Amino acid sequence: MKALVLLSMLALPAFGQYSYYYSDIFQYGINGTYWQSNGTWTSSTPPLYSSAIGGASLISKVPVPDGTASYELRTQVKLDTAGGTYVHYIHATQDAMTGPSPSGTFYSIEWSNLVLGSGCQMTMTVNQRVNGVFTQRSSQVVGCQQGALNTMRTVVIDNGMLTVYMNEMLVWGTGGDNVIPGGQPGVGVINAPAGNGFTLVQLGPLDRTAPSAVDRGRIATATLPNSVEIQWQSASDGPSGVGVPQYWVMRDGALVALLRSNYFLDQTVQPGQTYNYGIFPVDYHVNQGPTTTFSVTTPTQAGEARRVGVRPDGAYWGGAGEQIDMMSGNLNFSVPLLTATRRGGWTLPLGLSYNSQNWRRDNGAAEWNLGRDIGYGYGWMLMAGQMRPHYTDTWGIHHWTYVDSTGAEYRLDQYINGRWRSKESVYLAWDDTMHRLWFPDGSYWNFYCVSGAGEADRGTYYPTAFVDRNGNMTGIEYKPGFVVGLPDTSGRIGKIFDLRAGVGWNVAYQFSYTAGQNPHLSQITNTISTAEQYTFGYGAETTLLSPFTGNASGTAVMLNIITNTGVNLSHN
């Protein structure tokens, strides 16, 4: 805990197009020009691993471009089977090897004791070896993802400060000590089973440029007598920045939260009081952006009038795809697109859904822009569902929000026997350790997609596997986030797997998107010869205006036309 407190005195920014100075996928084995290989590698092609008890290491021979000993080591590790130890070396000599027979000088971050089944977790230890003395500096349990590529990232900064991320989440950090002032990065594997190992190793220079401040004009607040909700647009880390994984929130001059998302819920406020908040971004390489300040006054009494989506306990009017909520006035409009199937007759219908209540104004002044565009046009959603965490601090979960395919939101704030449940009219149980959502009939969804830094919905979980109580399943794979660059790191659907495409995980539906930092869905095709094939057209990026004041509030891209090319019919 002391190490994280030391780190907390620094700060972090959002993703850009950061470039690594060396990347290796080991497609043709280990290249001795770039790597010093020690020990015995069982496989020198991906996944790169060693089944030897003594393990093996690779230490980089590539100089850091800026001539310093500050850099980032980022890897992708496949974890299909329990077993093995997976190592990052920092400031290592060319002969660096960790236990059981250590050699050389190094810092090492080691992930071991892989537990699979009811969730995925590993023990992460941070060690150092100096003058022949091996010392453990830290040990803790961290979460992981079974059957997926896990991203491990270690950053060393000028004064010897280390920060470690697992799947884009900060898991350890310490202030600088310079016990080992220089040396190269590297990786290692010990006693691993076949199928596990490194599939990618990347080395990057230290990003020394701070991110920009959070845009004051894009901060939205919603207040109730005993709570303040704050949402803001992701800060920019510039055209070559490494990205912003964290935001720090101050209240009346004191630190109140260190967050992994651009959302904060403060439930420690009192009615009729004014509070002064400050938010600043911090990037992966611990560069702190400027603080943006603002004030919020809580009401003495208020209620929530906004209600989106279509709920089972609601009263609605409409008949051609539209459903008007007779309580809140929200208009939900849905366009069915396709239906995936699996054994047993189960179906998964998917379609675009739009809700009219994209804005909210509180206390006659504070505006809350809740409309988002993650690739389907402003305000539109295309999903089976999503889970959104709401943090009290870096790790503490206050509650979760389940959002169904229509956009209806349900607060899961009852933590009972290891699962989150709701007091609203939805009978679900969310296991946030396994990332699994249980339904009353015994079926469940696995949520192994997390929208990454740089995305409008960063930190949101999306379902990747849909399993009935008999074990029949189908799945969805999502597109890489613009910054993270790995599959299942955005809310944009990439592929849907379906029984009709053949036995196993065969693709039935393929989703294509435009290029650039803000991609939009352009086409849906399929391999199963149905009429579920579409093209999508959008308007030019235009200024988004507040419906309350008419003031500019950023820009937006609007969905204009959906054409079913299978039957040549269009929605305009």
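1. Cys120 and Cys144 are both buried in this predicted model. A disulfide joins the two residues, with an S to S distance of 2.1 Å. The link between Cys120 and Cys144 is left-handed, at -100° about the S-S bond. Cys120 sits in the loop between β7 (106-115) and β8 (121-130), and Cys144 in the loop between β9 (133-143) and β10, so the pair ties together parts that are 24 residues apart in sequence.

2. A search of the whole structure finds one disulfide. Cys449 takes part in no disulfide: the nearest cysteine sulfur belongs to Cys120 and is 17 Å away. With a relative accessibility of 0%, Cys449 counts as buried, because the cut-off is under 20%.

3. Strand β11 (residues 162-166) is mostly covered, with five of its five residues buried. In a regular strand, side chains alternate between the two faces of the sheet. In β11 both faces are covered: Leu162, Val164 and Met166 are buried on one side, and Thr163 and Tyr165 are buried on the other.

4. Which strands pair with β11? One is β10 (residues 149-156), which runs antiparallel to β11 and is joined to it by five bridges. Within this pairing, Met152 has Met166 of β11 as its bridge partner. β10 and β11 form a hairpin with five residues between them, and Gly160 in the turn has a positive phi of about 90°.

5. The other pairing to note is with β12 (residues 169-174), again in the antiparallel sense and over five bridges. Here the bridge partner of Leu162 is Thr174 in β12. β11 and β12 also form a hairpin, with two residues between them. Asn167 lies in that turn and has a positive phi of about 50°.

6. A separate point concerns an open sheet of three strands in the order β15-β16-β20, with antiparallel pairing. Its edge strands are β15 (220-224) and β20 (263-266), each of which pairs on one side only. From one strand to the next, the twist averages 10°.

7. Glu229 stands opposite Leu265 in β20.

Key
Residues are numbered from 1 along each chain as its sequence is written. This is a predicted model: local features need pLDDT of at least 70, side-chain atom pairs count only at pLDDT 80 or more; totals for chains, interfaces and linings use all residues. Side-chain values use heavy atoms; hydrogens and water are left out. Buried means under 20% relative accessible area, exposed over 50%, partly exposed in between (1.4 Å probe, protein chains only). Helices (H or I, at least four residues) and strands (E, at least two) are DSSP runs, numbered from the N terminus. Two strands pair if DSSP finds at least two bridges between them. A disulfide is a pair of cysteine sulfur atoms within 2.5 Å. Axes are lines fitted to C-alpha atoms, for helices over the stretch in contact, and angles run from 0 to 180 degrees between N-to-C directions.
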